[in-house]
Amino acid sequence: MIYPKNFEEKIDFDQIRLLIKENCLSAMGQQKVNAIVFSPDLNEIVRLQEETEEFRQILLFEPAFPAQDYIDLTQELTRLQLEGTFIETESLNDLKAVLKTIQACLLFFRIHAKEDKFPFLCALSSGISIDNQLIEQIEYLVDEKGRIRDNASPDLQTIRQKMHRLEIDIQKQMRKIIHQAKKDNIVESTAEVSVRDGRLVIPVPAAFKRKLKGLIHDESATGLTVFIEPQEIFETNNALRDLYLLEKREIVRILTAFTNDLRPQIPSILAASDYLATIDCIRAKAKFALLIQAVKPLIVDKPIIQWKKAKHPLLYLNFRKEKKEVVPLDIEIGNNYSILIVTGPNAGGKSVCLKTVGLLQYMFQCGLLVPVSELSEFGVFNQIYLDMGDEQSIENDLSTYSSHLKNMQAIVQALNHQALFLMDELGSGTDPQYGG
């Protein structure tokens with residue numbers, strides 16, 4: 001249990017989450033970062049810590065890890081599960097890229113599993129598979145530019161051959177027409193063939209539009225130029241237009257047939273996509289760990305804090321910009337004593353110390369690496385309670401002092417011996433006598 005509801009905002013974990021999301025390669029990875037939650041389970045914390053630490057090692061020593069084409073196709077794949085739908089050409093190319101990325105990730109961990117490296121990430125990869133034949137099938141259909149290949153079907157090849165011949169014929173005719181029009185001073189000497197609504201046209205000064213027989217398709221913004229399709233190429237252009245429609249229908253047929261083959265595999269592809277999103281999230285956590293010089297601490301199965309050289313990560317980042325050093329904290333609680341009181345003058349760092357404890361413990365139990373000495377010991381708490389800041393409420397007619405008392409009541413009623421309770425300036429907001 002975490003108290004209060006705005007705990008993350010109070011300890012600045014919301015800013016930590018944003019910084020991690022900035023290191024994601026995809027929207028699906030960012031969604032995984034949004035789903036990061038506090039865990040009181042020791043085994044889960046160990047797993048999350050190990051996964052992040054292993055990826056930190058990958059970033060440091062394995063520069064070849066796949067870091068491209070983390071594309072979120074969840075919505076598209078979910079749509080394709082409906083009968084009668086078909087994948088768009090652009091999505092087909094994206095699917096090929098994503099499957100290749102997943103395949104590369106799996107190969108990376110399969111190779112390193114033989115070397116007994118990255119065991120937790122290798123375990124995460126088990127059960128995920130990609131059908132090589134599916135990738136080959138997509139590569140047979142689309143070329144490197146993401147366009148459906150001419151030989152994707154015999155009918156498509158025939159259609160495109162006819163289109164190509166007609167396009168050559170039209171271009172020859174257009175060159176003749178525009179050459180003659182230039183000789184007759186109907187068009188500018190620099191005029192070139194243009195395209196409007198899929199039809200080849202010639203730009204003609206509006207004053208001469210009656211001198212070139214044909215259909216006006218468009219005019220310039222000033223109205224000084226009109227774009228005319230010459231009468232001589234009407235029939236050929238119409239034939240070409242018909243072939244374009246035939247080509248489109250054939251591509252839809254090819255994509256529909258492919259989607260029907262793909263549909264039974266979509267659940268396993270969705271699972272593989274979720275795996276890629278998880279990898280993206282872990283990678284982002286590891287990159288953030290490198291940014292704040294965080295490590296995996298020693299983990300103990302009891303509610304204790306025994307930290308050395310602990311630093312508030314946001315303070316560290318701000319100070320680094322200003323080329324200043326953060327004074328690290330050595331903190332111990334839970335072994336020899338269960339209560340730690342921090343006193344000192346105003347602006348002496350008491351609240352920063354309290355926030356650092358809350359933030360680092362919360363980060364640790366969310367599976368994030370923490371900016372401390374590697375000799376630091378982190379225990380596991382099943383609850384974290386915080387009473388910090390001015391919580392006065394006009395709506396509930398609560399003063400600052402009354403708000404503190406209300407928090408105290410809620411916390412004391414729920415506390416147990418495995419809870420971490422952080423309290424800042426108890427009794428403030430009223431007369432010192434009553435506060436005491």
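User: In this predicted model, which residue forms a salt bridge with Lys 296?

Analyst: Lys 296 is partly exposed, at 25% relative accessibility. The closest N and O atoms of the salt bridge are 3.5 Å apart. Lys 296 lies in the loop between α11 and β6 and its partner in helix α4, so the pair ties together parts that are 246 residues apart in sequence. The partner of Lys 296 is Glu 50.

User: How far apart are the closest N and O atoms of the salt bridge between Glu 44 and Arg 47?

Analyst: Both residues lie in helix α4, three residues apart, or about one turn of the helix. Glu 44 is partly exposed, with a relative accessible area of 31%, and Arg 47 is also partly exposed, at 33%. The closest N and O atoms of this pair are separated by 4.0 Å.

User: Where in helix α8 do the buried residues fall, and within what arc?

Analyst: Leu 134, Ile 135, Ile 138 and Leu 141 are buried in α8. Seen down the axis of α8, these residues line one face of the helix, because their directions fall within an arc of 125 degrees.

User: Which residue caps the N-terminal end of α8?

Analyst: A side-chain oxygen of the capping residue lies 2.9 Å from the backbone nitrogen of Gln 133. The residue that caps this end of α8 is Asp 131.

Terms used:
Residues are numbered from 1 along each chain as its sequence is written. This is a predicted model: local features need pLDDT of at least 70, side-chain atom pairs count only at pLDDT 80 or more; totals for chains, interfaces and linings use all residues. Side-chain values use heavy atoms; hydrogens and water are left out. Buried means under 20% relative accessible area, exposed over 50%, partly exposed in between (1.4 Å probe, protein chains only). Helices (H or I, at least four residues) and strands (E, at least two) are DSSP runs, numbered from the N terminus. The arc is that of the directions from the helix axis to the C-beta atoms. A polar contact is a pair of N or O atoms within 3.5 Å; within protein, one must be able to donate a hydrogen and the other to accept it, and residues adjacent in sequence count only if both atoms are side-chain atoms. A salt bridge is a side-chain nitrogen of Lys or Arg within 4 Å of a carboxyl oxygen of Asp or Glu.
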